[in-house]
Amino acid sequence: MIFTQYYLDCLSHASYLVGDETTGRAVVVDPQRDISGYVSDADAQGLAIERVIETHVHADFLSGHLELASRTGAVISYGEAVRVDFPIERLADGDTLLLGDVTLRVLATPGHTPESISLVVYEHRDDHIPYGVLTGDTLFIGDVGRPDLLVSAGLSVDGLAHELYHSLRDQLLPLPDATRVFPAHGAGSACGKQLSTETQSTIGEQRAHNYALQPMNEDEFVTLVTEGQPLQPGYFSFDAQRNRETHSLLEEETPPAPMTIDDVLAAQREGAVVLDAREPAEFAAGHLRGAINVGLRGRFAEYVGDVLRAEQTIVLVAEPGAGLEAKVRLARIGFDRIVGVLDESVSAFLARPDQVVRSSRLTANELADRLARLDAVQVLDVRNPAELSAGALAGAHSAPLPRLTAELERLDPTRPTVVYCASGYRSAIAASVLAARGFDDVSDLLGGYEAWSALERARR
(Lines give C-alpha, C1' and ligand atoms only; values in the text may rest on other atoms or scores of the structure.)
Protein backbone atom coordinates (compact mmCIF):
# COMPACT_ATOMS: atom_id res chain seq x y z
CA MET A 1 0.00 0.00 0.00
CA ILE A 2 1.05 3.56 -0.69
CA PHE A 3 -0.25 5.98 1.93
CA THR A 4 0.93 9.60 1.94
CA GLN A 5 -0.20 12.44 4.17
CA TYR A 6 0.25 15.99 2.83
CA TYR A 7 0.23 18.65 5.52
CA LEU A 8 -0.21 22.31 4.59
CA ASP A 9 1.01 24.30 7.60
CA CYS A 10 -0.36 27.65 6.47
CA LEU A 11 -3.94 26.30 6.59
CA SER A 12 -3.37 23.45 9.10
CA HIS A 13 -4.81 21.14 6.43
CA ALA A 14 -4.09 17.45 5.88
CA SER A 15 -4.91 15.53 2.70
CA TYR A 16 -4.10 12.01 1.60
CA LEU A 17 -3.05 9.84 -1.33
CA VAL A 18 -3.96 6.17 -0.88
CA GLY A 19 -3.02 3.61 -3.52
CA ASP A 20 -2.52 -0.07 -4.21
CA GLU A 21 0.95 -0.82 -5.55
CA THR A 22 -0.17 -3.98 -7.32
CA THR A 23 -3.04 -2.55 -9.33
CA GLY A 24 -1.86 1.06 -9.52
CA ARG A 25 -5.30 2.33 -8.49
CA ALA A 26 -5.45 5.29 -6.12
CA VAL A 27 -7.68 7.89 -4.47
CA VAL A 28 -7.00 11.36 -3.10
CA VAL A 29 -8.89 12.46 0.00
CA ASP A 30 -9.66 16.11 0.89
CA PRO A 31 -7.23 17.67 -1.62
CA GLN A 32 -5.90 21.21 -1.50
CA ARG A 33 -6.65 23.27 -4.60
CA ASP A 34 -3.15 23.22 -6.11
CA ILE A 35 -2.93 19.56 -7.07
CA SER A 36 0.47 19.16 -8.72
CA GLY A 37 1.94 17.36 -5.69
CA TYR A 38 -0.62 14.56 -5.82
CA VAL A 39 -0.33 14.16 -9.58
CA SER A 40 3.47 14.10 -9.64
CA ASP A 41 3.68 11.67 -6.70
CA ALA A 42 1.10 9.37 -8.28
CA ASP A 43 2.95 9.42 -11.61
CA ALA A 44 6.28 8.69 -9.90
CA GLN A 45 4.78 5.68 -8.13
CA GLY A 46 2.86 4.30 -11.09
CA LEU A 47 -0.55 5.18 -9.67
CA ALA A 48 -3.66 6.33 -11.48
CA ILE A 49 -5.88 8.63 -9.42
CA GLU A 50 -9.35 7.30 -10.16
CA ARG A 51 -11.37 8.95 -7.41
CA VAL A 52 -11.37 12.13 -5.32
CA ILE A 53 -13.14 11.66 -2.00
CA GLU A 54 -14.27 14.60 0.07
CA THR A 55 -15.07 13.74 3.68
CA HIS A 56 -17.45 16.74 3.67
CA VAL A 57 -17.98 20.14 2.08
CA HIS A 58 -15.11 22.17 3.46
CA ALA A 59 -15.48 25.70 4.78
CA ASP A 60 -11.87 26.62 5.54
CA PHE A 61 -10.33 26.09 2.10
CA LEU A 62 -11.35 25.68 -1.52
CA SER A 63 -10.80 22.04 -2.35
CA GLY A 64 -9.06 20.67 -5.44
CA HIS A 65 -11.71 18.13 -6.44
CA LEU A 66 -12.60 19.95 -9.69
CA GLU A 67 -8.93 20.41 -10.62
CA LEU A 68 -8.14 16.73 -10.00
CA ALA A 69 -11.22 15.53 -11.88
CA SER A 70 -10.27 17.71 -14.86
CA ARG A 71 -6.60 16.69 -14.81
CA THR A 72 -7.00 12.95 -14.20
CA GLY A 73 -10.58 12.06 -15.10
CA ALA A 74 -11.20 11.00 -11.50
CA VAL A 75 -14.71 10.54 -10.15
CA ILE A 76 -15.67 12.92 -7.32
CA SER A 77 -17.33 11.35 -4.28
CA TYR A 78 -19.08 12.71 -1.17
CA GLY A 79 -21.36 11.31 1.48
CA GLU A 80 -25.01 10.71 0.64
CA ALA A 81 -26.44 13.88 2.21
CA VAL A 82 -24.37 16.31 0.15
CA ARG A 83 -25.84 18.91 -2.21
CA VAL A 84 -23.52 20.07 -5.01
CA ASP A 85 -24.05 21.24 -8.58
CA PHE A 86 -21.47 19.06 -10.37
CA PRO A 87 -21.50 15.31 -11.12
CA ILE A 88 -20.55 13.07 -8.21
CA GLU A 89 -20.82 9.46 -7.08
CA ARG A 90 -22.31 9.31 -3.58
CA LEU A 91 -20.89 7.06 -0.90
CA ALA A 92 -23.20 5.45 1.66
CA ASP A 93 -22.49 4.08 5.11
CA GLY A 94 -20.93 0.63 4.76
CA ASP A 95 -19.85 1.01 1.13
CA THR A 96 -16.57 -0.69 0.27
CA LEU A 97 -14.08 0.59 -2.29
CA LEU A 98 -11.53 -1.93 -3.56
CA LEU A 99 -8.33 -0.51 -4.98
CA GLY A 100 -6.92 -4.02 -5.22
CA ASP A 101 -5.95 -5.63 -1.96
CA VAL A 102 -6.12 -2.16 -0.36
CA THR A 103 -9.69 -1.56 0.78
CA LEU A 104 -11.62 1.49 1.98
CA ARG A 105 -14.80 1.20 4.04
CA VAL A 106 -17.14 4.18 4.31
CA LEU A 107 -18.57 5.28 7.65
CA ALA A 108 -21.30 7.92 7.76
CA THR A 109 -20.18 10.32 10.52
CA PRO A 110 -22.46 13.37 10.42
CA GLY A 111 -22.20 16.11 13.02
CA HIS A 112 -19.64 18.59 11.77
CA THR A 113 -21.76 18.64 8.60
CA PRO A 114 -24.71 16.43 7.59
CA GLU A 115 -22.77 14.72 4.79
CA SER A 116 -19.58 14.00 6.74
CA ILE A 117 -18.00 10.59 6.21
CA SER A 118 -14.90 8.82 7.49
CA LEU A 119 -12.85 6.24 5.57
CA VAL A 120 -11.47 3.12 7.23
CA VAL A 121 -8.33 2.00 5.39
CA TYR A 122 -7.29 -1.68 5.26
CA GLU A 123 -3.89 -2.55 3.83
CA HIS A 124 -5.27 -6.02 3.06
CA ARG A 125 -8.97 -6.63 2.56
CA ASP A 126 -9.16 -9.43 5.14
CA ASP A 127 -7.23 -7.59 7.89
CA HIS A 128 -9.01 -7.54 11.25
CA ILE A 129 -7.27 -4.36 12.39
CA PRO A 130 -7.44 -1.41 9.97
CA TYR A 131 -4.30 0.43 8.97
CA GLY A 132 -6.07 3.67 9.86
CA VAL A 133 -9.15 5.82 9.55
CA LEU A 134 -9.41 9.16 7.72
CA THR A 135 -11.74 11.12 9.96
CA GLY A 136 -12.09 14.42 8.08
CA ASP A 137 -13.41 17.03 10.50
CA THR A 138 -15.32 14.55 12.68
CA LEU A 139 -12.44 13.52 14.95
CA PHE A 140 -9.23 15.50 15.37
CA ILE A 141 -6.18 14.78 17.46
CA GLY A 142 -7.24 16.10 20.87
CA ASP A 143 -10.56 17.50 19.68
CA VAL A 144 -13.68 16.91 17.59
CA GLY A 145 -15.30 18.88 14.78
CA ARG A 146 -17.31 21.97 15.64
CA PRO A 147 -21.04 21.69 14.87
CA ASP A 148 -21.79 25.41 14.50
CA LEU A 149 -20.45 26.37 11.07
CA LEU A 150 -23.74 25.84 9.25
CA VAL A 151 -25.95 28.08 11.38
CA SER A 152 -26.16 30.56 8.51
CA ALA A 153 -27.51 27.75 6.33
CA GLY A 154 -30.35 27.18 8.79
CA LEU A 155 -29.04 24.03 10.47
CA SER A 156 -29.35 23.51 14.21
CA VAL A 157 -26.12 23.58 16.19
CA ASP A 158 -27.55 21.30 18.87
CA GLY A 159 -28.98 18.95 16.27
CA LEU A 160 -25.60 18.52 14.59
CA ALA A 161 -23.89 18.15 17.98
CA HIS A 162 -26.23 15.27 18.85
CA GLU A 163 -25.37 13.61 15.54
CA LEU A 164 -21.68 14.13 16.24
CA TYR A 165 -22.03 12.39 19.61
CA HIS A 166 -23.40 9.26 17.93
CA SER A 167 -20.93 9.36 15.03
CA LEU A 168 -18.03 9.35 17.46
CA ARG A 169 -19.36 6.72 19.82
CA ASP A 170 -21.21 4.44 17.41
CA GLN A 171 -18.98 4.62 14.35
CA LEU A 172 -15.41 5.59 15.28
CA LEU A 173 -14.82 4.44 18.87
CA PRO A 174 -15.79 0.81 18.08
CA LEU A 175 -12.70 0.60 15.85
CA PRO A 176 -9.73 -1.25 17.40
CA ASP A 177 -7.48 0.85 19.62
CA ALA A 178 -4.50 0.27 17.30
CA THR A 179 -6.29 1.96 14.38
CA ARG A 180 -4.37 5.07 13.36
CA VAL A 181 -6.35 8.31 13.21
CA PHE A 182 -5.66 10.68 10.32
CA PRO A 183 -7.74 13.91 10.50
CA ALA A 184 -8.15 16.70 7.95
CA HIS A 185 -6.77 19.44 10.24
CA GLY A 186 -4.31 20.17 13.01
CA ALA A 187 -3.44 22.95 15.44
CA GLY A 188 -4.25 26.43 14.21
CA SER A 189 -7.40 25.43 12.35
CA ALA A 190 -10.62 27.21 13.34
CA CYS A 191 -12.54 23.95 12.76
CA GLY A 192 -12.12 23.05 16.45
CA LYS A 193 -11.00 24.66 19.69
CA GLN A 194 -7.95 22.72 20.92
CA LEU A 195 -6.47 20.68 18.09
CA SER A 196 -3.11 19.05 18.70
CA THR A 197 0.09 19.80 16.81
CA GLU A 198 0.31 16.07 16.13
CA THR A 199 -0.90 15.00 12.70
CA GLN A 200 -1.79 11.41 13.56
CA SER A 201 -2.75 9.36 16.60
CA THR A 202 -4.68 6.15 17.34
CA ILE A 203 -8.20 5.39 18.39
CA GLY A 204 -6.84 4.12 21.71
CA GLU A 205 -4.92 7.31 22.42
CA GLN A 206 -7.93 9.45 21.57
CA ARG A 207 -10.22 7.28 23.67
CA ALA A 208 -7.93 7.87 26.64
CA HIS A 209 -6.97 11.53 26.21
CA ASN A 210 -9.40 13.40 23.95
CA TYR A 211 -11.59 15.60 26.20
CA ALA A 212 -14.67 15.10 24.03
CA LEU A 213 -14.45 11.30 24.11
CA GLN A 214 -14.46 10.94 27.89
CA PRO A 215 -17.45 9.32 29.61
CA MET A 216 -20.41 11.71 29.56
CA ASN A 217 -24.03 11.65 28.52
CA GLU A 218 -25.29 13.10 25.27
CA ASP A 219 -26.49 16.41 26.71
CA GLU A 220 -23.19 16.97 28.49
CA PHE A 221 -21.37 16.38 25.22
CA VAL A 222 -23.59 18.83 23.34
CA THR A 223 -22.91 21.54 25.92
CA LEU A 224 -19.18 20.82 25.85
CA VAL A 225 -18.70 21.00 22.08
CA THR A 226 -20.95 23.99 21.46
CA GLU A 227 -19.25 26.29 23.97
CA GLY A 228 -16.02 28.20 23.53
CA GLN A 229 -15.48 27.64 19.83
CA PRO A 230 -13.08 30.09 18.12
CA LEU A 231 -14.34 32.87 15.89
CA GLN A 232 -15.29 31.78 12.41
CA PRO A 233 -13.05 33.48 9.83
CA GLY A 234 -14.95 35.72 7.46
CA TYR A 235 -14.30 33.66 4.34
CA PHE A 236 -15.68 30.37 5.71
CA SER A 237 -19.24 30.88 4.48
CA PHE A 238 -17.95 31.84 1.02
CA ASP A 239 -15.79 28.71 0.75
CA ALA A 240 -18.56 26.44 2.05
CA GLN A 241 -20.78 27.67 -0.77
CA ARG A 242 -18.04 27.80 -3.41
CA ASN A 243 -17.08 24.18 -2.76
CA ARG A 244 -20.61 23.18 -3.77
CA GLU A 245 -20.39 24.98 -7.11
CA THR A 246 -18.73 24.53 -10.47
CA HIS A 247 -16.09 27.25 -10.72
CA SER A 248 -13.02 28.19 -12.71
CA LEU A 249 -9.97 25.96 -12.32
CA LEU A 250 -6.72 27.15 -10.80
CA GLU A 251 -3.79 27.62 -13.17
CA GLU A 252 -1.21 27.03 -10.50
CA GLU A 253 1.85 27.51 -12.69
CA THR A 254 0.76 30.83 -14.28
CA PRO A 255 2.05 33.85 -12.34
CA PRO A 256 -0.01 37.03 -12.09
CA ALA A 257 0.61 39.56 -14.84
CA PRO A 258 3.26 42.23 -14.13
CA MET A 259 1.85 45.75 -13.78
CA THR A 260 3.50 49.16 -13.92
CA ILE A 261 3.01 51.58 -11.07
CA ASP A 262 0.63 53.61 -13.23
CA ASP A 263 -1.40 50.45 -13.98
CA VAL A 264 -1.61 49.70 -10.26
CA LEU A 265 -2.69 53.21 -9.35
CA ALA A 266 -5.33 53.17 -12.11
CA ALA A 267 -6.69 49.84 -10.84
CA GLN A 268 -6.74 51.22 -7.30
CA ARG A 269 -8.74 54.25 -8.43
CA GLU A 270 -11.24 51.88 -10.04
CA GLY A 271 -11.75 50.04 -6.74
CA ALA A 272 -9.05 47.37 -6.65
CA VAL A 273 -7.39 46.61 -3.31
CA VAL A 274 -3.61 46.83 -3.21
CA LEU A 275 -2.50 43.85 -1.13
CA ASP A 276 1.10 44.18 -0.02
CA ALA A 277 2.45 40.72 0.86
CA ARG A 278 5.83 41.90 2.12
CA GLU A 279 6.73 41.52 5.76
CA PRO A 280 5.53 44.24 8.16
CA ALA A 281 8.95 45.90 8.58
CA GLU A 282 9.34 46.27 4.82
CA PHE A 283 5.79 47.58 4.48
CA ALA A 284 6.32 50.10 7.28
CA ALA A 285 9.44 51.46 5.60
CA GLY A 286 7.44 52.43 2.53
CA HIS A 287 4.26 51.34 0.74
CA LEU A 288 1.59 52.61 -1.60
CA ARG A 289 -0.98 54.81 0.04
CA GLY A 290 -4.13 52.80 0.87
CA ALA A 291 -2.42 49.38 0.67
CA ILE A 292 -3.35 46.53 3.00
CA ASN A 293 -0.44 44.61 4.48
CA VAL A 294 -0.59 40.86 5.10
CA GLY A 295 2.86 39.26 5.12
CA LEU A 296 3.25 36.17 2.96
CA ARG A 297 4.80 34.13 5.74
CA GLY A 298 2.55 32.22 8.13
CA ARG A 299 -1.23 32.15 7.77
CA PHE A 300 -1.31 34.59 4.84
CA ALA A 301 -4.49 33.43 3.11
CA GLU A 302 -6.46 33.07 6.35
CA TYR A 303 -5.60 36.61 7.46
CA VAL A 304 -6.40 38.01 4.02
CA GLY A 305 -9.75 36.24 4.31
CA ASP A 306 -10.33 38.00 7.63
CA VAL A 307 -9.98 41.53 6.23
CA LEU A 308 -10.86 41.28 2.53
CA ARG A 309 -13.77 39.76 0.59
CA ALA A 310 -13.50 37.21 -2.20
CA GLU A 311 -15.37 39.41 -4.65
CA GLN A 312 -12.83 42.23 -4.34
CA THR A 313 -10.32 42.76 -7.14
CA ILE A 314 -6.75 42.50 -5.84
CA VAL A 315 -3.44 43.89 -7.07
CA LEU A 316 -0.42 42.32 -5.40
CA VAL A 317 2.78 43.88 -4.17
CA ALA A 318 5.34 41.21 -3.30
CA GLU A 319 9.02 40.46 -3.04
CA PRO A 320 10.61 39.63 -6.43
CA GLY A 321 9.46 36.20 -7.60
CA ALA A 322 6.81 35.81 -4.87
CA GLY A 323 3.78 36.81 -6.93
CA LEU A 324 2.91 33.26 -7.97
CA GLU A 325 3.14 31.95 -4.40
CA ALA A 326 0.83 34.73 -3.21
CA LYS A 327 -1.64 33.98 -6.01
CA VAL A 328 -1.72 30.24 -5.26
CA ARG A 329 -2.09 30.75 -1.53
CA LEU A 330 -5.01 33.11 -2.07
CA ALA A 331 -6.55 30.64 -4.53
CA ARG A 332 -6.52 28.01 -1.78
CA ILE A 333 -9.34 29.97 -0.13
CA GLY A 334 -11.02 30.91 -3.40
CA PHE A 335 -9.70 34.47 -3.72
CA ASP A 336 -9.18 34.36 -7.48
CA ARG A 337 -9.64 37.96 -8.57
CA ILE A 338 -5.93 38.76 -8.85
CA VAL A 339 -5.40 41.18 -11.73
CA GLY A 340 -1.64 41.40 -11.45
CA VAL A 341 1.45 42.16 -9.39
CA LEU A 342 3.46 45.38 -9.23
CA ASP A 343 6.62 44.92 -11.29
CA GLU A 344 9.90 45.90 -9.62
CA SER A 345 8.32 47.53 -6.60
CA VAL A 346 11.45 49.31 -5.37
CA SER A 347 12.02 51.19 -8.62
CA ALA A 348 8.27 51.78 -8.92
CA PHE A 349 8.20 53.41 -5.48
CA LEU A 350 11.19 55.57 -6.41
CA ALA A 351 9.40 56.66 -9.58
CA ARG A 352 6.30 57.79 -7.68
CA PRO A 353 7.41 58.99 -4.22
CA ASP A 354 4.23 61.08 -3.97
CA GLN A 355 2.25 57.81 -3.65
CA VAL A 356 4.51 56.21 -1.02
CA VAL A 357 3.90 56.52 2.73
CA ARG A 358 5.42 55.03 5.87
CA SER A 359 3.79 53.31 8.85
CA SER A 360 4.22 54.09 12.53
CA ARG A 361 5.34 51.22 14.76
CA LEU A 362 5.81 51.76 18.50
CA THR A 363 7.86 49.89 21.07
CA ALA A 364 6.24 49.17 24.41
CA ASN A 365 8.24 52.03 25.97
CA GLU A 366 7.10 54.44 23.26
CA LEU A 367 3.48 53.40 23.77
CA ALA A 368 3.77 53.91 27.53
CA ASP A 369 5.15 57.40 26.92
CA ARG A 370 2.38 58.23 24.48
CA LEU A 371 -0.33 57.03 26.86
CA ALA A 372 1.20 59.13 29.65
CA ARG A 373 1.31 62.29 27.54
CA LEU A 374 -1.93 62.06 25.57
CA ASP A 375 -5.47 61.50 26.84
CA ALA A 376 -6.96 60.97 23.39
CA VAL A 377 -5.12 57.78 22.42
CA GLN A 378 -7.48 55.05 21.22
CA VAL A 379 -6.16 51.54 21.87
CA LEU A 380 -7.43 48.61 19.81
CA ASP A 381 -6.95 44.95 20.77
CA VAL A 382 -7.34 42.57 17.79
CA ARG A 383 -6.70 39.33 19.65
CA ASN A 384 -9.34 36.60 19.77
CA PRO A 385 -11.65 36.40 22.82
CA ALA A 386 -9.84 33.39 24.31
CA GLU A 387 -6.58 35.36 24.38
CA LEU A 388 -7.98 38.10 26.60
CA SER A 389 -7.60 35.94 29.69
CA ALA A 390 -3.88 36.76 29.58
CA GLY A 391 -4.76 40.40 30.30
CA ALA A 392 -5.29 43.54 28.25
CA LEU A 393 -4.29 47.21 28.13
CA ALA A 394 -6.55 49.37 30.25
CA GLY A 395 -9.43 50.85 28.27
CA ALA A 396 -8.65 48.97 25.06
CA HIS A 397 -11.42 48.32 22.54
CA SER A 398 -11.68 44.65 21.59
CA ALA A 399 -12.15 43.90 17.88
CA PRO A 400 -10.78 40.46 16.89
CA LEU A 401 -9.26 40.49 13.42
CA PRO A 402 -12.09 38.42 11.80
CA ARG A 403 -14.55 41.09 13.02
CA LEU A 404 -12.38 44.15 12.51
CA THR A 405 -14.06 45.62 9.44
CA ALA A 406 -17.49 45.26 11.05
CA GLU A 407 -16.27 47.04 14.20
CA LEU A 408 -14.66 50.09 12.59
CA GLU A 409 -17.70 52.31 13.00
CA ARG A 410 -17.30 52.01 16.79
CA LEU A 411 -13.95 53.79 16.52
CA ASP A 412 -13.07 57.46 16.00
CA PRO A 413 -10.84 57.85 12.91
CA THR A 414 -9.69 61.31 14.06
CA ARG A 415 -8.08 60.09 17.29
CA PRO A 416 -4.52 58.73 17.52
CA THR A 417 -4.93 54.94 17.44
CA VAL A 418 -2.60 52.16 18.56
CA VAL A 419 -3.33 48.55 17.60
CA TYR A 420 -1.94 45.49 19.34
CA CYS A 421 -2.27 41.69 19.25
CA ALA A 422 -0.32 38.94 21.00
CA SER A 423 3.05 39.30 19.27
CA GLY A 424 2.69 42.07 16.68
CA TYR A 425 1.78 40.23 13.45
CA ARG A 426 -2.01 40.69 13.33
CA SER A 427 -1.75 44.25 14.63
CA ALA A 428 0.32 45.23 11.58
CA ILE A 429 -2.48 43.89 9.37
CA ALA A 430 -5.14 45.72 11.35
CA ALA A 431 -3.18 48.99 11.40
CA SER A 432 -2.90 48.91 7.60
CA VAL A 433 -6.66 48.32 7.33
CA LEU A 434 -7.39 51.32 9.55
CA ALA A 435 -4.99 53.55 7.61
CA ALA A 436 -6.58 52.46 4.32
CA ARG A 437 -10.00 53.31 5.78
CA GLY A 438 -8.95 56.88 6.52
CA PHE A 439 -7.77 56.79 10.15
CA ASP A 440 -5.47 59.80 10.52
CA ASP A 441 -2.84 58.54 12.98
CA VAL A 442 -2.36 54.77 13.33
CA SER A 443 0.45 52.81 14.94
CA ASP A 444 0.91 49.19 15.83
CA LEU A 445 2.69 47.83 18.90
CA LEU A 446 5.92 45.99 18.13
CA GLY A 447 5.98 42.69 20.01
CA GLY A 448 2.31 43.00 20.92
CA TYR A 449 0.90 42.28 24.35
CA GLU A 450 3.89 40.05 25.09
CA ALA A 451 6.17 43.08 24.88
CA TRP A 452 3.78 45.21 26.94
CA SER A 453 3.59 42.53 29.66
CA ALA A 454 7.39 42.26 29.74
CA LEU A 455 7.63 46.04 30.23
CA GLU A 456 5.11 45.96 33.06
CA ARG A 457 7.01 43.14 34.79
CA ALA A 458 10.28 45.04 34.45
CA ARG A 459 8.76 48.11 36.09
CA ARG A 460 7.46 46.31 39.16
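Student: Before we go inside, how many positive and negative side chains does the protein have, and how far apart do the centres of the two sets lie?

Tutor: Happy to! Keep in mind that this is a predicted model. The protein carries 39 positive and 67 negative side chains, and the centres of these two sets are 6 Å apart. The fold contains 15 helices and 24 strands. With a radius of gyration of 24 Å, close to the 23 Å from the globule rule for 460 residues, the protein is as compact as a globular protein of that length. Its C-alpha trace spans about 75 × 50 × 40 Å along the principal axes.

Now to the inside. Of the 460 residues, 56% count as buried. In soluble globular proteins, nonpolar side chains tend to be buried together. Here the largest nonpolar core holds 52 residues, and L275, F300, L308, F335 and L404 have the most contacts inside it.

Let's zoom in on L275. Leaving aside residues up to four places away in sequence, L275 touches I292, V294, F300, V304, L308, I314, V315, L316, V317 and L330. A second, separate core has 23 residues, among them L164, L168, L172 and V225. Across the protein, 68% of the contacts between residues at least 6 apart in sequence join residues at least 24 apart.

How values were computed. Residues are numbered from 1 along each chain as its sequence is written. This is a predicted model: local features need pLDDT of at least 70, side-chain atom pairs count only at pLDDT 80 or more; totals for chains, interfaces and linings use all residues. Side-chain values use heavy atoms; hydrogens and water are left out. Helices (H or I, at least four residues) and strands (E, at least two) are DSSP runs, numbered from the N terminus. The radius of gyration is taken over C-alpha atoms; the globule rule is 2.2 Å times the number of residues to the power 0.38. Buried means under 20% relative accessible area, exposed over 50%, partly exposed in between (1.4 Å probe, protein chains only). Contact means heavy atoms within 4.5 Å. Lys and Arg count as positive and Asp and Glu as negative; His and the chain ends are not counted. The place of a charge is taken as NZ of Lys, CZ of Arg, CG of Asp or CD of Glu. A nonpolar core is a set of buried Ala, Val, Leu, Ile, Met, Phe, Trp, Tyr and Cys residues joined through side-chain atoms within 4.5 Å.
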